[in-house]
Amino acid sequence: MDAIEDNLFELIGQLDPTRNDPPPAPGSVRRRSILEVAMSSTVTAPSAVDPEAGPVASARRQPRPWRRVAGFAAAVVAATGAVVFWPSGEERTAEAAVRSAAEALGDVTSFEGERTHVEPGVSNETMTLRVNGDDFEFVAETRFADGRVERFTAAIVDRVQYIGENRRTVRAPAPPGEGLDTPYGPASTALVAAVTDSDVTEGGNEPIAGVLTTRYDVALTARSIASLSSLPPEDLNWFDLEDPGEVDQFTVWIAGGHIRRVEIAHGDRATTVTTFFNHNGDITISPPPGPYEEAVDG
Amino acid sequence: MPADDERFRGLFDANFSDLWRFARRRCGTADDADDVTAEVFAIAWRRRDDLPDGDELRLWLFGVARRVFANQRRTDARRDRLRRRLAAIQDRHHDVEPDLPNAELRAALRELSDDDRAVVTMRCWDGLTVGEIAALLECSPNAVSIRLHRARRQIAARLASKGLAIDGHVTTAPEPRKGHPHGCH
């Protein structure tokens with residue numbers, strides 16, 4: 001490092017926010033309370049990225065959208081799997097159909113899905129997902145109320161991952177254990193918990209994307225809310241069920257044994273609609289267009 | 001007091017200030033830094049039986065803190081809230097700190113890529129060595145050095161475009177303006 005670099009970094013050091021905002025002093029109430037909170041902790045908080053994984057000993061990592069994507073995939077699979085285990089002609093309620101779908105995880109090998117999440121006055125997020133076996137592509141675009149637009153893409157093709165953000169695409173070998181081979185169980189558990197012990201009523205026929213569906217309205221009960229509340233957030237977020245007590249509309253559309261759509265609304269705060277297509281269809285997943293930046297290799 | 005508790009209190013005292021500063025430098029407010037620090041130490045408490053020692057523990061705590069931040073970013077509502085908060089803080093910095101070189105330096109820092117800025121702030125604010133940064137970011141020391149060099153060039157170019165120069169000892173501007181003190185302080 002030369003003198004100029006030394007000087008520049010010294011100047012940057014002077015911008016350190018903690019120069020004017022020091023840590024709580026020893027013996028202060030804030031510091032004592034932080035220690036008390038820490039030492040009273042007994043439960044591992046669920047999270048999308050495991051904060052307890054040590055940075056020194058663990059393998060290098062790129063940002064991990066996979067768990068989130070896998071959650072979406074799991075939700076889609078949970079919903080689309082119903083076709084496999086739904087015997088022709090057997091009458092089932094929406095509750096039974098979704099439960100069967102959740103139990104049929106792994107039998108759907110390809111599908112497409114779309115999810116919109118709208119928070120009036122805050123943001124409008126659209127996500128699409130195409131899956132074929134271990135390969136998938138995922139595109140998310142968020143439009144914020146202040147005009148900003150963020151676009152994020154992720155794909156795994158032949159065990160190579162592509163992460164795109166802000167017009168950069170970084171390519172790297174897909175980390176083992178990541179991607180859509182992540183177990184699907186937890187998200188399906190969320191779907192089952194949502195309809196088990198809930199009051200489900202048929203709401204008539206409605207077309208969705210050119211397909212005539214049957215609509216089912218699901219009224220969560222104290223028991224189903226309690227079941228959902230016991231699940232970790234990452235199992236719930238794709239159906240926006242993280243605050244089940246605040247759900248005031250839960251609707252499922254079914255056609256031909258497939259769940260075509262799930263809509264969850266929290267009053268005026270947010271509405272999430274997940275739609276499923278092309279179950280077990282012939283879907284080709286290709287790498288996103290280049291150029292690529294190679295991931296920094298440690 | 002059980003030995004477990006005593007040992008943990010010892011490591012808490014030894015690392016609290018460093019960890020809190022690490023969090024504060026990446027949070028909008030001191031309250032947020034308190035929350036992050038508490039969460040990291042809570043994780044350390046739960047894993048108190050298999051924590052590393054010494055400097056390695058400090059890096060471990062920093063690494064957990066980074067993951068806590070990552071989780072914050074991955075939760076939409078929290079992410080949006082954090083961004084609004086950060087934006088407000090940045091605006092406040094501009095309001096209360098009109099000093100030209102610092103404002104330009106701050107802007108130059110913000111314009112770096114996330115990866116490059118992380119390396120620079122770890123070096124300049126947290127005082128980490130290249131090797132420690134490499135361990136924390138799980139990349140090679142060479143990659144860290146490259147990022148530092150790239151960041152330095154980018155910052156210097158930005159300052160030069162504003163008529164500011166780094167001469168090895170001071171930051172200078174060609175035409176001092178009234179009411180805006182120049183140089184480092």
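1. How many helices and strands are there in chain A? In this predicted model, chain A holds 7 helices together with 12 strands. Of its 298 residues, 48% are buried, and among the contacts between residues at least 6 apart in sequence, 53% join residues that are at least 24 apart.

2. As for the surface, chain A exposes about 13,700 Å², and carbon and sulfur atoms supply 50% of that area.

3. Strand β7 of chain A, covering residues 199-208, runs antiparallel to strand β8, covering residues 211-219, and the two are joined by 8 bridges. At one point of this pairing D199(A) has A219(A) of β8(A) as its bridge partner, while in the hairpin, where 2 residues lie between the strands, A209(A) takes a positive phi near 50°.

4. β8(A) also pairs with strand β9 of chain A, residues 249-255, in the antiparallel sense and over 4 bridges; here D217(A) stands opposite T251(A) of β9(A).

5. S198(A) deserves a separate point: it belongs to the loop between α5 (185-195) and β7 of chain A. The residue counts as buried because its relative accessible area is 7%, which falls under the 20% limit. Its side chain reaches the backbone oxygen of A194(A) at 2.7 Å, and the side chain of S198(A) also makes a polar contact, at 2.9 Å, with the side chain of S224(A).

Terms used:
Residues are numbered from 1 along each chain as its sequence is written. Chains are lettered from A and ligands numbered from 1 in the order in which they are written. This is a predicted model: local features need pLDDT of at least 70, side-chain atom pairs count only at pLDDT 80 or more; totals for chains, interfaces and linings use all residues. Side-chain values use heavy atoms; hydrogens and water are left out. Buried means under 20% relative accessible area, exposed over 50%, partly exposed in between (1.4 Å probe, protein chains only). Contact means heavy atoms within 4.5 Å. Accessible areas come from the Shrake-Rupley method with a 1.4 Å probe; for residues, only the protein chains shown count as cover. Two strands pair if DSSP finds at least two bridges between them. A polar contact is a pair of N or O atoms within 3.5 Å; within protein, one must be able to donate a hydrogen and the other to accept it, and residues adjacent in sequence count only if both atoms are side-chain atoms.
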